Amino acid sequence: MVLSIQSMPAISLPTEEPQQRIREAMQSVFGFGSLRPLQEEIISSILGGRDTFVLMPTGGGKSLCYQLPAVLMPGLTVVVSPLIALMKDQVDKLVTLGVPATFINSSLGYEEARRRQADVMTGKVGLLYVAPERLMTPAFLSMLAAVNLSLFAIDEAHCISEWGHDFRPDYRALSELRVKFPDVPIATFTATATTDVQADIRAQLALRDPFIVQGSLDRPNIRYEVWPKRDSYRSLTGFLASRSGESGIIYVQSRAMADGTAARLTRDGVRALSYHAGLEGEERHARQDLFLKGSVDVMVATIAFGMGIDKPDIRYVVHLDLPKNLEGYYQESGRAGRDGQAADALLFYSYGDAMKHEHFIQEKPESEQQIARLQLTAMVEWAKGTDCRRETLLGYFDEQLLAHPDPCCDACEAPVLEESDQTEAAQMFLSCAKRTGEQFGAVYLTKVLMGARDKRLLGNAHDELPTYGIGRGKGREEWAHIASKLMERGYVKPDAERGNGLAVMPLGDEVLFRREEVWLPKWRDTSHGGHGKPRAARRLQLSAGDSARESIEMFRRGIELHEIASARGFSPVTIEGHLAQGVQSGDVDIEDLVNSEKRAAIEEAFFNSGHPALKPVKEMLGDSFSYAEIKFVRAGMNASSR
Ligand code: ADP
Ligand code: MG
């Protein structure tokens, strides 16, 4: 069986005890804060005595998958590795950690090798690294026959296959292992194996119904989304409303939160239970059973819940609180959709949660703080990020995403919507740069725009400029965002000859003097809540304001655009804007504004231009299309891309 997209490992963990022991060894022996994705499953499989086949990217952390079980299992683990140089490194490291490890290979003199063999015989060694040519000698094999063996771990297992890129004839002899030691489980590890090579490895070593952990960490059927954590219970029930009868896990930080949330959901008609380590063993089992059987839809749980739970049809995993690292997040969210069917991973992010973790970190021993902080930073950046979540999540584990599935994540779905007309702000900024002589940077210009009582600014008499204080409607961070986007897109450029002051480029002049529109990614206030709005909020946000609503109502009653304008005392352009809002919110039918032939042409032109600005499209289409028509169609495209 394969643990990746399709299915769940058939390992059954009768109690939480193995997990506990794994975690303890991970921390106390190896000093890691958490397990990487898949490590837990692999280690559990090995501890369960099962043959295990691991295909995992380089750097994925394969070594720990046999080193940790070796520490926990009573007998000897033999590690076969092709690289003599690496053996010494690994063994040195393990010895430093206090693990009784050693290696035997051709780099040792006869006496030393004898001495180490004696240590193996007397049970002083728990982890023995050996090169295949040495291992398969009759003398060595008969020595091993006399000791208690727990596991053969074959690293770089692709070396066994002639079809692999690194075939080593010495590895071929390993096929005798199963014959000579039929009762000792075998675990194989490789980062690179085509399907053929994989099959060859399994056949050569005669693996028995191996637990297969394969390759990519991507879970293409999971759609990732992050919502700001405000009024999270309400958002949660909104999310659950369309999912009644489906199985899901809601992870929370504390036992009290688990109990409280489950109780509240129950009152609100959701079949929910809580689960955490504070419950009696029997009660925990009972609740787990109810969830597995489907008598309960939602498990509100701490991270004590989940490992070894064989429930393939979990349709969503919600994190109501921020996990402390992406390792954990990957693992927990990955419990959704093991059956390969569409599933959701939803995370609520708040700055406050990040601060809480930061607080916990400060209470940790100094030696653990640095890693924990790096992990937290990565978690927070991921949650606040605006790039594809799948790509960034895999990227964190050094895997490159090859294709974006559809649906993929909120970030992938957002860009069309999130680019907005920011001409006015751009004009302010550019004009401010011009008027101050193009010799100041973004921070200074922002101070002018925001009307700061800054000494340097006052000394330059820049408080007398017409642009002084005109940007008070926006915060410092939003101006920083606008400045960086204007730079990125070539409207302004730091001029080294003027102390890196921002010079206005020809593109910027067009904005100032030819009223060219400026479209920039919307700024997102991530300081207290983050990005990705809930769908409901997005809708609200998009729905038309009061003034627009009135125009929309009139239009729906059959009144022409120009008549609405004169009746309301607005310019037709304003009413066009109102109706475009109506199109975007779904209140106005685009059909009533632009005929389908023209619509197709405009959509095509937007597609070709690759940018939401109106002007390039207008230029492509010529005089038989009006700006208004183009604007309406653009609104319609935004609506349907939601
Ligand atoms: P592989 O053999 O899969 O290429 P390694 O076993 O050499 O990868 O591990 C790569 C790196 O990841 C090593 O530096 C190892 O210490 C580190 N590592 C492995 N597991 C963890 C973990 N759970 N947490 C932090 N670091 C880990
Ligand atoms: Mg390795």
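Predicted model: local features only at pLDDT ≥ 70, side-chain atom pairs only at ≥ 80, totals over all residues.
1. **Domains.** The domain assignment of the protein lists domain 1 (3-215), domain 2 (222-413), domain 3 (419-521) and domain 4 (532-640). The centres of domain 2 and domain 3, taken over C-alpha atoms, are separated by 41 Å.

2. **Strand β5 and its side chains.** Start with strand β5, residues 127-130. Which way do its side chains point? L127 and Y129 point one way, and L128 and V130 point the other way. All four are buried. The general rule is that side chains in a regular strand alternate between the two faces of the sheet.

3. **Partners of β5.** Strand β3 (residues 76-80) pairs with β5 in the parallel sense, over 4 bridges. Here V79 stands opposite Y129. Strand β4 (residues 101-104) also pairs with β5 in the parallel sense, again over 4 bridges. In that pairing, T102 has L128 as its bridge partner.

4. **The crossover.** Helix α5 covers residues 110-121. Together, β4, α5 and β5 make a β-α-β unit, and the unit is right-handed.

5. **Helix α4: length and faces.** Helix α4 has 13 residues, 84-96. At 1.5 Å a residue it should span 18 Å, and its end C-alpha atoms are 19 Å apart, which agrees. Its buried residues include M87, Q90, V91 and L94. Seen down the axis, the buried residues of α4 fall within an arc of 100°, so they line one face of the helix.

6. What covers its buried residues? The cover includes α3 (62-72), β4 and β5. Just after α4 comes G98, with a positive phi of about 90°.

7. **Helix α12: length and faces.** Helix α12 (residues 255-267) also has its length checked. Its 13 residues should span 18 Å at 1.5 Å a residue, and the end C-alpha atoms are 18 Å apart, which agrees. In α12, A258, T261, A262 and L265 are buried. These residues cover an arc of only 100° around the axis, which puts them on the same side of α12. On the other side, A256 and R267 are exposed.

8. **Helix α12: surroundings.** The buried residues of α12 are covered by elements including α11 (232-241), β10 (247-251), β11 (272-275) and β12 (298-301). G269 follows α12, and its phi is positive, near 85°.

Key:
Residues numbered from 1 in each chain as written. Chains lettered and ligands numbered in written order. Heavy atoms only, no water. Buried < 20%, exposed > 50% of the residue type's maximum accessible area, 1.4 Å probe, protein only. Helix = DSSP H or I, 4+ residues; strand = E, 2+ residues; numbered from the N terminus. Pairing = 2+ DSSP bridges. Right-handed = clockwise from strand over helix to strand, strands pointing away. Expected span 1.5 Å × (residues − 1). Arc of directions from axis to C-beta. Contact = heavy atoms within 4.5 Å. Domains from an automatic or database assignment.
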